[in-house]
Amino acid sequence: MTYIMFKQACFKYVFCLAFMLSFILSIFFIPQLHMDKTYPSVFSNNTVFKQECVFNNKPMKERKIPIPTLFDRNEGETKVYNDFYDMRKKHIEMTKCSQPFMKMFKTARIQTKNGIYADVQLGTFPSEKDRSFSGDWIVFMKRFSNVHAHILIDHFPGIAILREMYPKSFKFLLYDAPLLKKMLTWLDPNFVLNRVVWLKNKELVQIQGRLSFLEPNPKSFNTRYAAYSNALRRWIQEVKGPKLKSLNSSNNKRSLVLYLSRSAGAGHARKVNPLHQKDIIHAIRLAMKKHHKTEKLVVFTGVDKNNTPISLEEQFDLFTSAETLIGPHGGAFANIMWMGLLETERRPNVLEFLIGPESHQVQPSKSLIPFRKTFYTLFNGASWVNYYHVLYAPNSTHMNTYINLQSFNDALDNIWE
């Protein structure tokens, strides 16, 4: 019996020793390196951060990010809301100029993985099947590259900041997602033509030169910083200058109040009850009349009269011309990126319907705490607009939502006083 126990103990010891040895060998001798390993950070240019995150020729420190304003008759919820965003503001101030953590390799082969990340192998791997490129390259990949809102939140800002940081000699390797390609080509066709190569899923590419990529944070999207959004807005002003100049001219200048109507088939539901929506639009018209608003009220559905999706150019024109944006939280709110680009005396206004402590059932999720599901958070303060919220009413459901019309009227009075 003693001999058997001794034999089992020896076997366990040998097994553990073999496991530890194989683990050590895997660290030192396996050539494949994944993106989340730790390597030295390399920056070609830090100029954008030395300028204190300049936006519209004004340093960010002169454009303080205010806490959004909640309009709700429940004083208890208002206090909890203010406490939440007071803490959130500290995070925004801390991260508004955060630098992207970059890694750089010399001579490598990459393989895309579902358009989210790429495996990196160091050294030369000659193969007739691989495409080969020389020179300096940047790999940038994110999730949801076929979702309009996420392209504006996560993809464009990240590409924009890297475009500013690195010299024009650096080209980009991007995932060949149809919508990302369409939107980026619309934004800057010359950039796509001269500096972008599109990679298919699981495609192997050999780089003979320098390869850089954005260090991913597995717990969150790390491109949602103010500096990144501001870099995108500078890019928009650069490439869309003639269009903005035309919209700014006295003959073409127009201002809109946009109400975003969420369709029944939208992801995550949250559709406003149709009859209640009529009451909301009627309340907007009455408030516009009360405050002598001369803007045109437009109900945005994402489609035209023939039920055809409106073009990117049409969306750009609408949201660029919007003086006030109103509606339930949804992907269309990502278009606030186009707001505030025209020469106006006041920043535009955004009024978003928001999940509160009494309406958590609208989108039940352990990760979606009250007040968090808003584009104020997704754009890390959205400093180019004035931000306001109205909470969904307690009688809201996942499929049909409502708001308190008295709180809504309070909000409109405050915004347009």
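In this predicted model, helices H4 (residues 148–165) and H5 (residues 178–187) meet with their axes coming within 11 Å and crossing at roughly 60 degrees. That angle makes H4 oblique to H5, since the perpendicular class only starts at 65 degrees. As for handedness, the crossing of H4 past H5 is right-handed. On the H4 side, the contact is built from His 148, Ile 151, Leu 152, His 155, Phe 156 and Ile 159. H5 brings Leu 179, Leu 180, Met 183, Leu 184 and Leu 187 to the contact. Sorted by class, that gives 9 nonpolar residues and 2 polar ones, with no charged residue taking part. The two histidines of H4, His 148 and His 155, are what count as polar here.

Turning to the strands, E11 (residues 322–328) is mostly covered, with 7 of its 7 residues buried. E11 has pairing partners in E9 and E12, taken in turn here. Strand E9 (residues 256–260) runs parallel to E11, and 4 bridges hold the pair together. Within this pairing, Ala 322 of E11 sits opposite Leu 256. Strand E12 (residues 349–354) is also parallel to E11, this time through 5 bridges. Here Leu 325 has Val 350 of E12 as its bridge partner. Put together, the buried strand E11 is joined in parallel fashion to E9 and to E12.

Technical notes:
Residues are numbered from 1 along each chain as its sequence is written. This is a predicted model: local features need pLDDT of at least 70, side-chain atom pairs count only at pLDDT 80 or more; totals for chains, interfaces and linings use all residues. Side-chain values use heavy atoms; hydrogens and water are left out. Axes are lines fitted to C-alpha atoms, for helices over the stretch in contact, and angles run from 0 to 180 degrees between N-to-C directions. Angles under 35 degrees count as roughly parallel, over 145 as roughly antiparallel, 65 to 115 as roughly perpendicular and the rest as oblique. A crossing is left-handed if the near helix is turned anticlockwise from the far one by less than a right angle, and right-handed if clockwise. Contact means heavy atoms within 4.5 Å. Buried means under 20% relative accessible area, exposed over 50%, partly exposed in between (1.4 Å probe, protein chains only). Two strands pair if DSSP finds at least two bridges between them.
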